[in-house]
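Please look over the notes below alongside the model.

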Amino acid sequence: MTRFTLPVLVLSVVALGACTDPAYVTGDAETRDEYKNTKTGAVVGGLLGAGIGKATGGSALAGAAVGAGVGAIIGNDLDKQAAELRDDIDNEDVTIENTGDKLIVTLPQDITFASDSYAVRPGLVDDLGAVANSLKKYPNSVVQVIGHTDSSGSAEHNQTLSEDRANAVADKLMDAGVAFERIETVGRGEDQPVASNLTEEGKAQNRRVEIVILPNG
């Protein structure tokens, strides 16, 4: 019986993606970038599929092929969803990051809340409505709303504030029609900074709410 090692499976999945990727047909650099996350999804899905195939007594290569197909679909949907969100959100301070397996929409605190408040600013409601519309258009995902603060004040206060802010943003998404069961809220307080808390610029980056969109297949 032929046995396939993990490296062989990885190469097989990558080759499968290359053969079907329009970027390899056209050779266009812009097209290659457009399909980058679709290929990432195919590779991740292929590896997961291979593991599932072996664990269930089936063919690892067959599992990889199925997983690659599912992963490519997920990656393609994320590419489209990210592009649409960038068009629909009318705020250059809101960032949208496509990691290939999830989308992260980052709302800086300074445009989302007043200092030490968890009441969402009226000016951001339309942008949250755009996120909600996107979530309704792409229903096969779950959503984590994660609040973060800087290190000013006590850790206990920051933890509570981050939880309240995450809940406030989640409430706006649900008000706009996103199902309650799709949303999880998390407060990280000051524990996950993305910049130094020793400068005002760094503190401003750390004060944020992230909406993480996770496809569930």
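1. Basis. This is a predicted model, in which local features need pLDDT of at least 70, side-chain atom pairs count only at pLDDT 80 or more, and totals for chains, interfaces and linings use all residues. Residues are numbered from 1 along each chain as its sequence is written, and side-chain values use heavy atoms, with hydrogens and water left out.

2. Ser117. This residue sits in the loop between helix H6 (109-112) and helix H7 (125-137); helices (H or I, at least four residues) and strands (E, at least two) are DSSP runs, numbered from the N terminus. Ser117 counts as buried because its relative accessibility is 19%, the limit being under 20% relative accessible area with a 1.4 Å probe, protein chains only. A polar atom of its side chain lies 3.0 Å from the backbone nitrogen of Ala119. Beyond neighbours within four places in sequence, Ser117 is in contact (heavy atoms within 4.5 Å) with Leu161 and Arg165.

3. Strand S5. Of the eight residues in S5 (residues 208-215), six are buried. S5 pairs (at least two DSSP bridges) with strand S3 (residues 141-148) in the antiparallel sense over eight bridges, and His148 stands opposite Arg208. Strand S2 (residues 103-108) also runs antiparallel to S5, joined by six bridges; here Thr106 stands opposite Glu210.

4. H7 and H8. Val125, Leu128, Val131, Ala132 and Leu135 in H7 meet Val169, Lys172 and Leu173 in H8. By class, this contact has seven nonpolar, no polar and one charged residues.

Note on methods
Buried means under 20% relative accessible area, exposed over 50%, partly exposed in between (1.4 Å probe, protein chains only). A polar contact is a pair of N or O atoms within 3.5 Å; within protein, one must be able to donate a hydrogen and the other to accept it, and residues adjacent in sequence count only if both atoms are side-chain atoms. Ala, Val, Leu, Ile, Met, Phe, Trp, Tyr, Cys and Pro count as nonpolar, Asp, Glu, Lys and Arg as charged, and the others, Gly among them, as polar.
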